[in-house]
Every structure is written in structure tokens, then in C-alpha cells.
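Hi everyone, thanks for coming.

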Amino acid sequence: MIEFKNVELRYNDFVAMSDLNLTVNEGEFFTFLGPSGCGKTTTLRALVGFLKPYAGNIVVAGNDITDLPVEKREIGMVFQSYALFPTMNVYENIAFGLKVKKLSKKEIHEKVMAVASKIDLSEEQLYKNVASLSGGQQQRVALARAIVLEPKILCLDEPLSNLDAKLRVGLREELKRLQRTLNITTLYVTHDQEEALTLSDRIAVFNNGRIEQVGTPYEIYNKSASEFVCDFIGDINRITPRLIEKINEQTTGRRFKTDREAFVRIERIFGEVKQNYASIKGKVLDKEYNGLYTKYTYEVEGQKLKNIEKNDGLISHELNDMVDLFINPDDIMQF
Ligand SMILES: Nc1ncnc2c1ncn2[C@@H]1O[C@H](COP(=O)(O)OP(=O)(O)OP(=O)(O)O)[C@@H](O)[C@H]1O
Ligand SMILES: [Mg+2]
């Protein structure tokens, strides 16, 4: 439904995105994930029409929109800062775009009320001044203001990042539900890996003006295409060549290159005996109690390794304990 074809995006001489090729399917919840400054917002701005590509084309539903003005694109946008009109009440904020479109008072009222009920804004809240709302409520209004125009595509640029952790998780679930019911193609920008994994149908991982990998949350997490993706999407251990040699010495059927580092996710190092896994000895350097689990740091072959153990009473180590750790060679990633 959305295609970026050989798109290059620049700010004067600075190339913010180079050779961008990406297809987003109809109805998909698609996330741009990456660290600060990697080009996520820039790419979104190009789609919405605030930034004209230096090269390449953007195609939506088969139509080239590269030169189409913003107002003709039918793309809704919600920003990190709510960007509401501070002198208007909630109702007027949501109705604004409909007024610009010159709909009748009756039509406007029907649409505003329908959207308000969809996103759980009470009638009482509708006539409040936006400044008197909480951050979460304001972000709901910003969302309502975008979806009331029934856009074909919804762009959300870090819409939850200004909210506290609990509210963020609540609104995240709501957002997903809303997107499913409206079945609207959604582009979501975040640098929060957990948000990306839980919300998305597919994720594009951005790094420094390029896309490193596109895939489902499962693929991005379990079949990371590069060290950058692997590191960004989860908690990993780096395995030094010295430890790789130790693992290679064991008859696990796999040999890893010893001229570079390897990686293994912290939850894939096990404290209980596993047949056919590589086994290594670690000394407990640190333990961090976390309620559901405890996170351990070990010293192994002159390097640090971390793992997590469920607090189900089966495994509990003390500082300086020597413990056997088990790694499945298939969980070792080398790029
Ligand atoms: N108006 C601008 N003029 C010049 N350079 C810009 C402009 N906006 C962004 N840039 C640069 O383009 C690059 C990409 O910026 P962008 O805003 O797309 O990053 P981002 O991935 O959205 O980051 P964040 O997570 O911090 O929002 C950065 O190096 C940034 O400094
Ligand atoms: Mg941004």
C-alpha cells in the first residue's frame, strides 16, 4: 500500500536517509524503530508531505504522491508533543479539521461524538479546555483529532513517549485495539524496543540513515540480521574470542569463528543442565532481584556474562558461587 522507492532525504547537504526502499502493506501496524537521530521522523515527514524527497518516489495505493501537497494525501499524523490548539476545548480541537473541510454542523457533531466514544472520551471531557487534561488524555484527543478525518494512513511519531510508564502501557493496548477495529494502515515511530515488539505486525530497524532489517517482531528478535539489530532489540551478552574457543573445544557440533565476537541473549544462558549444550563455569559477581526473576552477572573466562533465572525456588546463587552454565550453540549469533 505504501512504497518508498529509492528515496533519498536531505536537509540541505546533509543526507538523512539514503536509498530507502520499503513496502508497507494495507492494514498493517508498521513500526520504525531506532535510536535518536537515525531518520525515523524524517521518513515519516516525507510520507506526510512536509519534506520533499531529494531523489526517488513515494507511492500510495498505486499512485505516486511524491509531489502531492500535504492536504491532498489523506494521511493523519499524531506527534510526540500533542500539538493541540490550547485555546480551544476538546470538542473544538477534534472538530477543527472537519470545519476546515466545511462539513455541516450536524455531520461534524456526529463524527466527533462517534470518535469520542471509540477512544473513551466522556461527554464531560469534550467541553473541557485541553490545558486542563492530563498528558494521557491530551494524547487521546490528538489521536481523535487525527482519526476523525478518516485518513487512509495514520502516522504516529512517538505518541506515548511523554507519558509515565503505567499510562504508556495502558494507552499502548488501547492503541492496538483501536488500530485493529479501524483496520487503518499505521506507521508508528518509537525508540522503545518493547513497544515495537508488542504493537507491530512488522518492524523496520533504522540505523544512521539506513534500514538494517525489516521483519516481524519474532524475526527481528530471533533472527537478527546484524549486530546492531541484535543489540538494539534485546539484552545480549558479547562473547569474546577467548570464550568462543572454549565453546569450540566442546563437541557441540558447531564451530564459531574466533576472529570476531559472538552474541547470545541473556535469557538463553541456562543454569540447569542441558544435554548437548556447551557448558561453561561462571563465578557469580552480582545478583539483581527483580520480583519475577533474578538477573545474575558471572565472570567467565575473563569476561562478564549475564543471565536471568525465574524466581521459582529452583535456582538461587550467592555471590562468588561457582556455577555451571549451559548455552545452546544454536543460540549463538555471529555476524
Ligand atoms: N530540520 C532539520 N534540519 C537539519 N537537519 C535535521 C533536521 N531535522 C532532522 N535533522 C537531522 O536528520 C537526522 C535524522 O533526524 P530525525 O529527526 O529523522 O531522527 P529520529 O530518528 O526521528 O530521532 P528521534 O528519535 O530523536 O526523534 C538527524 O541527524 C537530525 O539531526
Ligand atoms: Mg523523531
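**Rings and pockets**

Let's start with F85, which is partly exposed, with a relative accessible area of 29%. Keep in mind that this is a predicted model.

So how do we talk about two rings together? A pair of aromatic rings is described by the distance of the centres and the angle of the planes. The count here comes to nine aromatic pairs. Take F85 and F96: their ring centres are 4.5 Å apart and the planes sit at 50 degrees, so we call that pair tilted. F85 is in the loop between β6 (75–78) and α2 (90–100), while F96 is in helix α2, so to speak eleven residues along, and the pair links distant parts of the chain. F96 is partly exposed too, at a relative accessible area of 33%.

F85 has another neighbour as well. R145 lies over the face of F85, at 5.1 Å from the ring centre. There's a second case like that: R10 over the face of Y54, at 3.7 Å from the ring centre.

Now, are the rings of Y91 and Y127 stacked or tilted? Their planes are at 15 degrees and their centres 5.6 Å apart; under 30 degrees counts as stacked, so this pair is stacked. Y91 belongs to helix α2 and Y127 to the loop between α4 (123–126) and α5 (135–147), so the pair ties together parts that are 36 residues apart in sequence. Y91 counts as buried at 15% relative accessibility, because the cut-off for buried is under 20%. Y127, at 44%, counts as partly exposed.

One more for the rings: F30, F32 and F206 form one aromatic cluster.

How much space lies in the largest pocket? About 750 Å³. It has 24 lining residues, and the closest to the centre are I75, G76, G97, R145 and L149. By class, you get 16 nonpolar, two polar and six charged residues.

The second largest pocket holds about 260 Å³ of space. Its lining includes E267, F270, Y293 and K310. β13 (269–270) and β16 (303–310) each supply at least two lining residues, with the largest share, three, coming from β16.

Terms used. Residues are numbered from 1 along each chain as its sequence is written. Chains are lettered from A and ligands numbered from 1 in the order in which they are written. This is a predicted model: local features need pLDDT of at least 70, side-chain atom pairs count only at pLDDT 80 or more; totals for chains, interfaces and linings use all residues. Side-chain values use heavy atoms; hydrogens and water are left out. Rings of Phe, Tyr and Trp (its six-membered ring) pair if their centres lie within 6.5 Å; planes under 30 degrees apart count as stacked, over 60 as edge-to-face and the rest as tilted. Helices (H or I, at least four residues) and strands (E, at least two) are DSSP runs, numbered from the N terminus. Buried means under 20% relative accessible area, exposed over 50%, partly exposed in between (1.4 Å probe, protein chains only). A charge sits over a ring if NZ of Lys or CZ of Arg is within 6 Å of the ring centre and within 35 degrees of the ring normal. On a 1 Å grid over the protein atoms alone, a cavity is a set of points where a 1.4 Å probe fits but cannot get out, and a pocket is an open set with protein on both sides within 12 Å along at least five of seven lines; lining residues have an atom within 4 Å of a point. Grid points are joined across faces, edges and corners, and a volume is the space filled by probe spheres set on the points. Ala, Val, Leu, Ile, Met, Phe, Trp, Tyr, Cys and Pro count as nonpolar, Asp, Glu, Lys and Arg as charged, and the others, Gly among them, as polar.
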